Amino acid sequence: MYTTCQLTAAHFLHPLLSRSLFIFSFLGIFLFNRLSDSFSLYFSLRAMKPSAEFVEHGISQENLKRVSRTTMLKLAYQSLGVIYGDLSISPLYVYKTTFSGKLSLQENDEEIFGVLSFIFWTITLIALFKYIFIVLLADDNGEGGNFALYSLLCRHAGLSILPNQQDAEKNLSSYLTEESAETWKSSALKSFFKKHPRFRKGLFIFVLLGTCMAIGDGVLTPAISVLSAVSGIKLKIAELHENYVIITSCIILVGLFSLQHHGTHRVAFMFAPVVISWLLCLTGIGVYNIFRWNSHVYRALSPIYMLKFLTSTRVEGWLSLGGVVLSITGVEAMFANLGHFSPLSIKMAFTFLVYPSLVLAYMGEAAYLSKHHEDIQRSFYKAIPEAVFWPVFIVATFAAVVGSQAVISATFSIISQCCALNCFPHVRIIHTSSKIYGQIYIPEVNWLLMCLSLAVTIGLRDTNMMGHAYGLAVTTVMFVTTCLMALVMIIVWKQKIISAVSFLLLFGSLELLYIPACMFKVPEGAWIALVMSYVFMAVMYVWHYGTMKKHQFEVENKVSMNRIVSLGPSLGMVRVPGIGLVYSNLVTGIPAVFGHFVTNLPAFHQVLVFVCIKSVQVPYVSEKEQLLIGRVGPKECGMYQCFLRYGYKDLQQENYNFENRLVSRLVQFVETEEESASKARADCCAEFGNSDAETFDFSVHSITLPDQEGDSVKSAHDIQVMTSGIRHVESFVLKDESLHILRAKESGVTYVLGHSYAKAKKSSSIFKKFVIDAVYAFLSKNCREPNILMNVPPTSLLEVGMVYYV
């Protein structure tokens with residue numbers, strides 16, 4: 001039965017693969033000719049409108065024009081130590097993993113040349129054409145990664161998963177979309193997603209899958225890189241026991257993760273010389289092997305050798321392509337780490353150094369293998385000339401350590417984005433650079449990655465099995481990026497549908513060629529990538545589900561201002577000196593936590609501010625635009641609303657200056673509000689005359705937000721003065737309200753935070769009870785508390801406990 005299925009698969013796959021390889025060249029030429037003119041026009045227009053808002057945040061697409069050549073070269077130098085370490089060490093294990101199965105070498109060298117041809121065209125098409133030429137252009141205000149692409153789609157197509165969004169966020173400088181004519185293709189896709197919420201949720205889960213696979217890379221890369229490098233010592237010390245190799249690898253891994261707290265910029269300056277030395281070694285050894293063993297190896301760069309390889313090896317050759325895909329491990333880090341550097345610096349480093357070095361290294365190793373078939377499982381170290389073996393071994397070991405830095409830095413960025421979008425439990429995020437805003441360090445994630453890497457190294461003890469898992473994770477992430485890029489081309493860039501389809505066919509078909517080959521390796525180690533990604537995905541989805549359920553409970557149980565006012569006399573409610581900051585996720589209404597608080601303790605502060613911390617679908621929000629102030633209820637109540645807005649790359653952690661900033665904005669709000677009202681009264685007086693003006697009532701109209709029960713939230717820009725009566729109104733003294741706020745500040749500021757617990761309703765299913773009462777409760781108890789994330793002084797903290805039945 002197995003033999004029959006195997007032959008059927010061979011007859012089916014062979015013509016399909018042959019035709020797909022023939023159309024690659026045609027599609028590539030068509031795609032890049034089609035896109036070059038439109039992209040150049042699009043981005044030239046985009047460059048004419050640089051934004052100065054993000055200069056203080058670090059390097060972004062907009063401020064690249066302002067940086068000097070020296071800074072650009074410096075960033076390119078740093079990118080070698082952070083981004084390209086993973087990609088540059090792939091020659092250690094690519095040929096070894098590719099020929100680890102039933103695939104054997106024949107005397108005519110067609111298998112070796114076929115694998116080399118696949119490696120060359122995979123690096124050229126995916127790493128160079130796809131990522132360097134196209135994907136790096138799809139930045140979100142200088143940020144990259146799958147979540148950045150998803151954020152672009154959310155803003156342009158209304159796919160946001162965040163519950164408390166407002167129209168005012170569209171006025172943010174980083175939120176503004178490109179002014180381009182809407183096409184029928186983009187309109188059709190937008191309407192499709194709006195009409196079918198299930199597809200919006202499916203797209204979100206699809207993005208989570210790619211994100212979790214990328215996090216799995218952060219576990220597998222250090223393990224396979226370090227173990228592959230250290231294993232080379234067994235060539236010189238054959239009697240060395242394998243346990244010593246494993247112990248040495250574990251010690252190096254512990255040292256690597258212990259360095260992460262120093263920050264990306266310091267690590268980059270330490271690691272960049274290592275990567276440069278390693279790339280120069282690859283270049284030198286590759287050139288030596290080409291001229292020493294087979295100077296005609298360049299012929300294998302022809303795509304014809306790929307067809308010959310598939311024709312002669314059939315299914316076994318196709319399954320071996322899971323090892324070929326390891327040659328592009330690390331290309332996703334170029335995009336994910338975009339916020340740490342700049343697109344131009346990344347392109348410079350790859351085009352002028354990394355790409356030619358890797359091509360020469362793989363050609364040299366293939367030339368050596370063509371004369372030494374028996375050394376296939378240790379070909380890299382065997383191909384090193386005897387005189388330079390030990391220096392190259394030392395550099396290779398250091399390069400393997402550096403190679404892990406790219407995915408570790410990318411994992412930190414991914415987790416930070418997930419936390420901001422309510423897709424991961426809150427963790428401590430530390431910004432390690434005062435100059436480049438995107439460089440961060442997350443202690444909990446760092447030590448988790450270390451423990452998992454050690455477990456994989458000790459448990460598997462085999463780089464071939466690690467390579468199978470690694471290949472599956474890499475191909476899945478790249479395919480998710482390809483699909484999102486196709487949507488971005490239509491919805492965001494407004495490109496013709498033929499361009500997006502060509503992009504999807506060219507790169508998607510190539511990646512789909514590799515994914516099934518990797519899936520067949522599940523029993524041989526690829527299951528590790530699936531297990532880790534599904535565990536991370538379950539954690540993310542449960543956290544997002546529980547957070548959305550809690551928000552839904554808050555919306556359904558919010559308290560109206562009329563009820564708070566009516567309860568005042570019956571409860572004997574009093575106002576105490578000071579400013580009270582009540583934190584909530586609601587954009588309208590009084591949170592249920594505050595109603596629970598005043599019912600049990602009928603007293604609150606003279607000045608009450610409801611603070612809503614919001615995440616916006618942009619990477620950064622400038623400091624000038626972070627705070628948005630409004631009024632809640634009548635003016636005499638002294639209650640305000642503050643929206644504290646962050647991007648998904650911002651550090652949601654306030655320092656001691658937040659209180660002063662808030663008070664300053666409150667005073668500015670009330671003064672601007674009264675000035676606008678006074679000016680409107682003066683205009684009415686001029687229109688009706690001084691004698692008539694005394695008979696008119698000037699009242700401020702409050703803007704009532706949707707789903708709000710009597711709660712008035714008023715912005716200084718939304719004030720409208722209208723005449724509604726025939727009676728004289730005494731003017732409000734501006735100084736009184738401002739002084740009232742300042743005196744309250746002198747009395748102290750109290751932070752009122754809800755310490756809520758989510759529990760499933762009694763009528764809920766057993767599965768929902770397990771998810772909410774067990775999994776979500778466990779994650780909530782073990783994540784960072786909100787008061788720690790916001791640096792709330794313990795002496796000023798007041799927590800209100802409450803149970804949410806969801």
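**Helix H16 and its neighbours**

Author: Start where two helices touch. Ile 252, Leu 256 and Phe 257 of H9 make contact with Thr 397, Val 401, Ser 404, Gln 405 and Ile 408 of H16. Sorted by class, this contact has 5 nonpolar residues, 3 polar ones and no charged ones. Keep in mind that the model is predicted.

Now the geometry. H9 spans residues 242-258, and H16 spans residues 389-420. Their axes are 10 Å apart and meet at an angle of about 45°. An angle under 35 degrees would count as roughly parallel, and one of 65 to 115 as roughly perpendicular. H9 and H16 are therefore oblique to each other. The crossing of this pair is right-handed.

H16 has another partner, helix H8, which covers residues 197-230. The axes of H8 and H16 come within 8 Å. They cross at roughly 170°. Angles over 145 degrees count as roughly antiparallel, so H8 and H16 are roughly antiparallel to each other.

On the H8 side they include Thr 211, Ala 214, Ile 215, Asp 217 and Gly 218. Further along H8, Pro 222, Val 226 and Val 230 are among them. H16 contributes, among others, Phe 393, Ala 396, Ala 400, Gly 403, Val 407, Ile 414 and Cys 418. By class, the residues of this contact divide into 14 nonpolar, 8 polar and 1 charged.

Asn 422 sits in the loop between H16 and strand S1 (430-431). Its phi is near 60°, a positive value in a residue other than glycine. Is Asn 422 buried or exposed? Its relative accessible area is 18%. Buried means under 20%, so Asn 422 is buried.

Arg 314 also has a positive phi, near 55°, and is not a glycine. Arg 314 lies in helix H11, residues 304-319. With a relative accessible area of 43%, Arg 314 is partly exposed.

Now another helix pair, for comparison. Helix H6 (residues 146-157) packs with helix H18 (residues 463-491): their axes come within 10 Å and cross at roughly 25°. H6 and H18 are therefore roughly parallel to each other. Their crossing is left-handed. From H6, the contact uses Asn 146, Leu 149, Leu 153, His 156 and Ala 157. From H18, it uses residues including Val 477, Val 480, Thr 481, Leu 484, Met 485 and Ile 491. The classes here are 10 nonpolar, 3 polar and no charged.

One more residue deserves a stop. Leu 360 belongs to helix H14, residues 343-369. Its relative accessible area is 25%, which makes Leu 360 partly exposed. Leu 360 touches Thr 283, Gly 286, Val 287 and Ile 290, leaving aside residues up to four places away in sequence. Leu 360 and Tyr 288 are 72 residues apart in sequence, and their C-alpha atoms are 9.7 Å apart in space.

Finally, step back to the whole chain. The chain holds 28 helices and 11 strands. Of its 806 residues, 58% count as buried. Among contacts with a separation of 6 or more, 84% join residues 24 or more positions apart. The chain exposes about 33,400 Å², and carbon and sulfur atoms supply 61% of that.

Conventions. Residues numbered from 1 in each chain as written. Predicted model: local features only at pLDDT ≥ 70, side-chain atom pairs only at ≥ 80, totals over all residues. Heavy atoms only, no water. Axes fitted to C-alpha atoms, helices over the stretch in contact; angles between N-to-C directions. Helix = DSSP H or I, 4+ residues; strand = E, 2+ residues; numbered from the N terminus. Left-handed = near helix turned anticlockwise from the far one by under 90°. Contact = heavy atoms within 4.5 Å. Nonpolar A, V, L, I, M, F, W, Y, C, P; charged D, E, K, R; others polar. Buried < 20%, exposed > 50% of the residue type's maximum accessible area, 1.4 Å probe, protein only. Areas by Shrake-Rupley, 256 points an atom, 1.4 Å probe, with all protein chains shown as cover.
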